[in-house]
Amino acid sequence: MSSVDTMFTFPFCQVEEGKYYLEDHTGQVPLDFSQASLLTDGFVMENCIVLVEGEAVDGVLHVHHLGSPIVENRSSAIQAIGLQNTDIFNSINSLSELEKERQQEIKHGQDGMFVILSDVHLDNPSVLDKLEVMLEGYSEFTPLPVFIFMGNFMSKPLSASSDGGKAVMSYFEDLAGIICKFPKLAKEGRFVFVPGPSDPGITGVLPRGPIPNYFTGALRSKVKHAFFASNPCRMRFFTKELVFFRDDLVSKMRRHTLLQPRQEEEGSTSVQRQLSRHAVKTVLDQSHLSPLPLSASPIFWQHDHALRLYPFPDALIIGDRVDQYYENYEECDAINPGPFTAGYNFVVYRPVGEVRKSDTTSEVEFSQIE
């Protein structure tokens with residue numbers, strides 16, 4: 001039996017090893033995508049939602065083209081399903097309240113600034129020296145920025161050392177000592193710590209909880225506003241929603257993609273930048289921070305909602321072990337500060353960088369400590 005070209009949008013899964021299917025609650029359709037080509041940017045992996053065009057022959061769908069689902073920006077999503085169904089913080093109950101908050105954002109939002117670092121290896125003395133230089137530079141700002149430190153906080157996993165637990169405690173105590181050199185920072189500064197894949201705690205599953213208090217007591221006792229958050233971590237800045245996520249997305253997606261992503265003409269953009277762009281587009285198109293096979297990225301299903309990206313946040317900050325980047329995709333700022341331990345790079349992000357009448361635009365500044 002043969003049929004004309006048909007287009008489907010379904011979850012993409014592997015029911016048998018090496019054999020892939022489109023699947024919904026009514027059944028499964030085996031796929032042959034040996035001749036398939038990609039119509040859109042991004043990675044295609046098991047568990048992704050895909051748009052498929054092909055021809056059904058003898059019960060097998062021979063795929064001609066694959067693509068990502070159609071997306072909508074944040075404002076369109078809020079209009080479509082309502083504010084109360086999109087506010088994960090449950091703090092703004094009506095459009096009138098949202099407008100009042102936006103007016104406050106226009107008046108005072110330009111004062112807000114986030115200093116974001118990833119892979120801050122506290123067991124590296126050079127990293128601590130550079131942190132001290134950076135903190136000194138911001139120590140007299142008014143108002144102070146919010147400091148976001150994302151893991152990993154050690155160059156080696158906790159299990160790699162027999163006295164790993166005591167070592168981790170001492171590293172955070174060393175950081176507390178540096179912060180306390182600047183009394184204003186220690187008393188008024190806000191520090192948020194987002195754990196990395198190999199930091200202490202329950203690892204190997206997303207979302208993951210904060211680093212246990214056992215390891216961070218000294219820092220929390222000396223730094224008044226030190227917050228140890230989950231991964232991912234969400235924040236609200238006036239009307240803006242910010243998502244911070246630490247994971248090695250590019251390497252994972254390259255390892256598990258079923259089709260190589262499209263490439264631009266040689267010389268137009270570096271290969272690494274293209275791969276980063278594909279990774280950003282994949283998580284946003286899938287509206288999920290971990291659209292990977294469960295064998296590669298297990299999920300704690302009771303808290304899967306913490307990984308969802310619908311509607312899009314205003315900013316998605318991904319701590320990935322690749323070069324710094326900034327992309328704006330469907331009005332969402334996607335930013336990677338890059339690994340601090342590699343070149344002492346970090347990012348300064350202002351959710352409200354410029355005000356134009358009743359609208360605001362953000363600002364992203366890539367920085368480095370010499």
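This passage looks at the aromatic pairs of the structure and then at one of its sheets. The model is predicted, so local features need pLDDT of at least 70 and side-chain atom pairs count only at pLDDT 80 or more, while totals for chains, interfaces and linings use all residues. Residues are numbered from 1 along each chain as its sequence is written, and side-chain values use heavy atoms, with hydrogens and water left out.

The structure contains 17 aromatic pairs (rings of Phe, Tyr and Trp, the last by its six-membered ring, with centres within 6.5 Å; planes under 30 degrees apart are stacked, over 60 edge-to-face, the rest tilted). Phe-149 and Phe-193 meet edge-to-face, since their ring centres are 5.5 Å apart and their planes stand at 85°. This pair links distant parts of the chain, as Phe-149 belongs to strand E8 (residues 146-150) and Phe-193 to strand E9 (residues 190-194), 44 residues apart (strands, E, of at least two residues and helices, H or I, of at least four are DSSP runs numbered from the N terminus). Phe-149 and Phe-193 are buried (under 20% relative accessible area with a 1.4 Å probe, protein chains only; exposed is over 50%, partly exposed in between). Another edge-to-face pair joins Phe-172 and Phe-228, at 5.8 Å centre to centre and 75° between the planes. Both Phe-172 and Phe-228 are buried.

Turning to the sheet, five strands form an open arrangement in the order E11-E12-E13-E15-E14, with mixed pairing (strands pair if DSSP finds at least two bridges between them). Its edge strands, E11 (233-237) and E14 (325-329), each pair on one side only. E14 and strand E15 (residues 332-336) pair in the antiparallel sense over five bridges.
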